[in-house]
Structures are given as C-alpha cells and as structure tokens.
Amino acid sequence: AAIVEYYLVIPIFILIFLTFFIRYYYLKTSTQLRRIESIARSPLYSHISLSLLCLSTIRALKIEERVTQDYHFYQNQHANAWYHHFSSVVWFYTRLNFISTSLATSGLIIALISLYAFRIHQLIGFIIPVLILVHASFSYLVKYSTDVEILMVSADRIFKYCNLRLENASSSKLLCPLSNFT
C-alpha cells in the first residue's frame, strides 16, 4: 500500500517506533511482574504441601483456623501478583490494537483523500484489503514475538547457570564428626 500511496510511509514509521517503544516497556515490566508472581507462588505451594504432610498434627492441635487463614493470606498475595501481571498483558494488547487500528485508519484516510484529490478509484480497492491484512497480522506478530522473548528468559537463565564457575573443593572445609562422637 505504501508503494501506491507514499504518504502512508509517515504514519507507518511513527507507529512502528511507537510499537517498539511500548514493546520494550512491556517486556521490562512483564519480566519483573512474572518474577514477583513466581515469588508469591512459592510460599503458597509450600504451605499447601506442608499442610497436607502435617494434617494429623494440625487436627491434633486444633489449629485448622490458623492454617486456613495463612492459606488465604498466601493466596491473596499470589492473586494480587497474578492480577498485576494479567493487567499488564491486557494493557499491552490494548495498546497494540490501538496502534494497528490507527495504522489502518490513517491508511484509509489517506486513500480517501487521494480518491477525492486525484480520482483514483482503483486505489481504494487495493488499499482496503491490504490494510485489513496488516491490521490482523501486525498485532499477531508483535504479540507472539513478545511472548517468545518472554519465554526465552528461562532459557537464558539456564545458559547463565551453565557458565557459572565451579567453587574449589579445598576452599570449603568439610565438617566431619569427631572420632569419639557417639
């Protein structure tokens, strides 16, 4: 569409710049929110497993109410962190849809202006399907490229852990029990 109507290049560059800025901001925020969510998830899973292991002790001491309150506290912390992560995803997708709709709208406006100014009717028939295709594929590509980059954080961590230097065995002193220890 930009080949036929070269005025489309201006909004395309502006919206691509805006998309990469929002994507960069979202990646930083989403990574931190996922870490917070995983930190909040750990005590919840630990509490559930400990409660199941110590169920007879909990019942014997009659502290079911306290254990339930602790569970609700950990569940609320995890739900709070998950809600923030989910809100950031919705924020990002809303911005992407706005940008792709702005791109399609600006292309349509430029096509209509050129229709009335230059009387080129074939241009409308060419630009509208291209803008619909760009609108659909733009959001899809940016969403999934962002998701892939977020998921690559765990692979990046694995490579970092593989390249850690090993500690010297002689630097750590092993504590052995005394020979007369019974």
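**Glutamate 37 and the salt bridges**

Author: Glutamate 37 and arginine 41 stand four residues apart in helix 1, so about one helical turn separates them. The model is a predicted one, and their side chains meet in a salt bridge, with 2.7 Å from N to O. Side chains of opposite charge can pair when their charged atoms come close.

The two partners may be considered in turn. Glutamate 37 has a relative accessible area of 8%, and because buried means under 20%, glutamate 37 counts as buried. Arginine 41, at 27%, is partly exposed. Helix 1, in which glutamate 37 lies, covers residues 9–53. Apart from neighbours within four places in sequence, glutamate 37 is in contact with His78, Ala81 and Trp82.

A search of the whole structure finds two salt bridges. Besides the pair already described, glutamate 149 and arginine 23 meet through their side chains, at 2.9 Å from N to O. Glutamate 149 belongs to helix 4 and arginine 23 to helix 1, so this pair ties together parts that are 126 residues apart in sequence. Here arginine 23 is buried, with a relative accessible area of 15%, whereas glutamate 149 is partly exposed at 39%.

A word on confidence is also in order. The mean pLDDT of the protein is 82, and 85% of its residues reach 70 or more. Confidence is lowest in helix 4 (residues 121–162), with a mean of 79, and highest in helix 2 (residues 55–61), with 91. Where pLDDT is low, the predicted coordinates should not be read in detail.

Terms used. Residues numbered from 1 in each chain as written. Predicted model: local features only at pLDDT ≥ 70, side-chain atom pairs only at ≥ 80, totals over all residues. Heavy atoms only, no water. Helix = DSSP H or I, 4+ residues; strand = E, 2+ residues; numbered from the N terminus. Contact = heavy atoms within 4.5 Å. pLDDT = per-residue confidence, 0-100. Salt bridge = Lys/Arg side-chain N within 4 Å of Asp/Glu carboxyl O. Buried < 20%, exposed > 50% of the residue type's maximum accessible area, 1.4 Å probe, protein only.
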